Amino acid sequence: MLTYEEVWDDLLSALDEAGLEPFDVQNFIETGTCLREFRCFCQVPGASTGSEIKTEIAFVWDAVMTAHSVYGLEAPQPGFSRSMTPDFARRDGFGNALELEIKYYFPAKNFESAGFLTRTVQNIIMAIVDHQNFPEVNFEISVAPDHVVTVHRACAFYRWPVPLDTERLKLTPLCKEIARVLHALHHSGHFEESV
């Protein structure tokens, strides 16, 4: 099984091969549970710094995945015999896959346009992708005491399953898809950026 470091290294290499330059690359670790999290952002090459049209790619990696990647799926747990290991930990495939979360951020100036933007973004993405991960669109809003609705953030996202029981990940086709979606969003003419 691949390690956490191999996964993000393969992902960054694939983004580079797709012509995307990752920025704000982040690795987090929650010390109490040893949960690890990776995330990075990409935008269309040549886009202005601070462009609202960008993508975020992230995944989480729990302590069980770390144990499997270091010791293997069949490694006995300390103090336990093989017969005492819970069934869920013995299943074939347990811990050998993760999900990439892919978010496409886009500008949304007012909540009244949310329906139009949702349909537009979903249509742009679905015209490019050839899988059934239909994107969900989310708007982060706040409502002031005078009932004025402000949109703080808007994104479309889907999850992509990644098998970890290979030598190296082949993520270049996915990253090329991400690049095509970013270009389509950027050049669609539907988004007025505030930058």
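Modeller: A residue counts as buried when its relative accessible area is under 20%. In this predicted model, 39% of the 195 residues of the protein count as buried.

Colleague: What makes T55 count as buried?

Modeller: T55 has 0% relative accessibility. The cut-off is under 20%. T55 is therefore buried.

Colleague: Where is T55 found, and which residues is T55 in contact with beyond its neighbours within four places in sequence?

Modeller: T55 is found in strand β3. Its contacts beyond those neighbours are C40, F41, C42, I102, K103, Y104, I178 and L182.

Colleague: How do you know that T55 has a polar atom by the backbone oxygen of K103?

Modeller: A polar atom of the T55 side chain lies 2.8 Å from the backbone oxygen of K103. A polar contact needs N or O atoms within 3.5 Å. The distance of 2.8 Å meets that cut-off.

Colleague: How do you know that β2 and β3 pair?

Modeller: Pairing takes at least two bridges. Strand β2 (residues 35-42) and strand β3 (residues 54-61) are joined by 7 bridges. They count as paired, and they run antiparallel. C40 stands opposite I57 in β3.

Colleague: What is the order of the strands in the open sheet?

Modeller: The sheet has 6 strands in the order β1-β2-β3-β4-β6-β5, with antiparallel pairing.

Colleague: Why is one side of β1 and of β5 left without a neighbour in the sheet?

Modeller: β1 (23-30) and β5 (136-143) stand at the edges. Each has a single partner strand, so one side of each has no neighbour in the sheet. From one strand to the next, the twist averages 20°.

Colleague: Which helices touch or lie across these strands?

Modeller: Helix α1 (residues 4-17) packs on the sheet and touches β1, β2, β3 and β4 (97-105). Its direction makes about 5° with that of β2. Helix α2 (residues 63-71) lies across β2, β3 and β4, and runs at about 70° to β3.

Colleague: Which residues meet where α1 and α5 touch?

Modeller: L11, A14, L15 and E17 in α1 meet T172, C175 and K176 in α5.

Colleague: How many helices and strands are there in the protein?

Modeller: The protein has 5 helices and 6 strands. Along the sequence they follow the pattern α-β-β-β-α-α-β-α-β-β-α.

Note on methods: Residues numbered from 1 in each chain as written. Predicted model: local features only at pLDDT ≥ 70, side-chain atom pairs only at ≥ 80, totals over all residues. Heavy atoms only, no water. Helix = DSSP H or I, 4+ residues; strand = E, 2+ residues; numbered from the N terminus. Axes fitted to C-alpha atoms, helices over the stretch in contact; angles between N-to-C directions. Contact = heavy atoms within 4.5 Å. Buried < 20%, exposed > 50% of the residue type's maximum accessible area, 1.4 Å probe, protein only. Polar contact = N/O pair within 3.5 Å; in protein donor to acceptor, adjacent residues only side chain to side chain.
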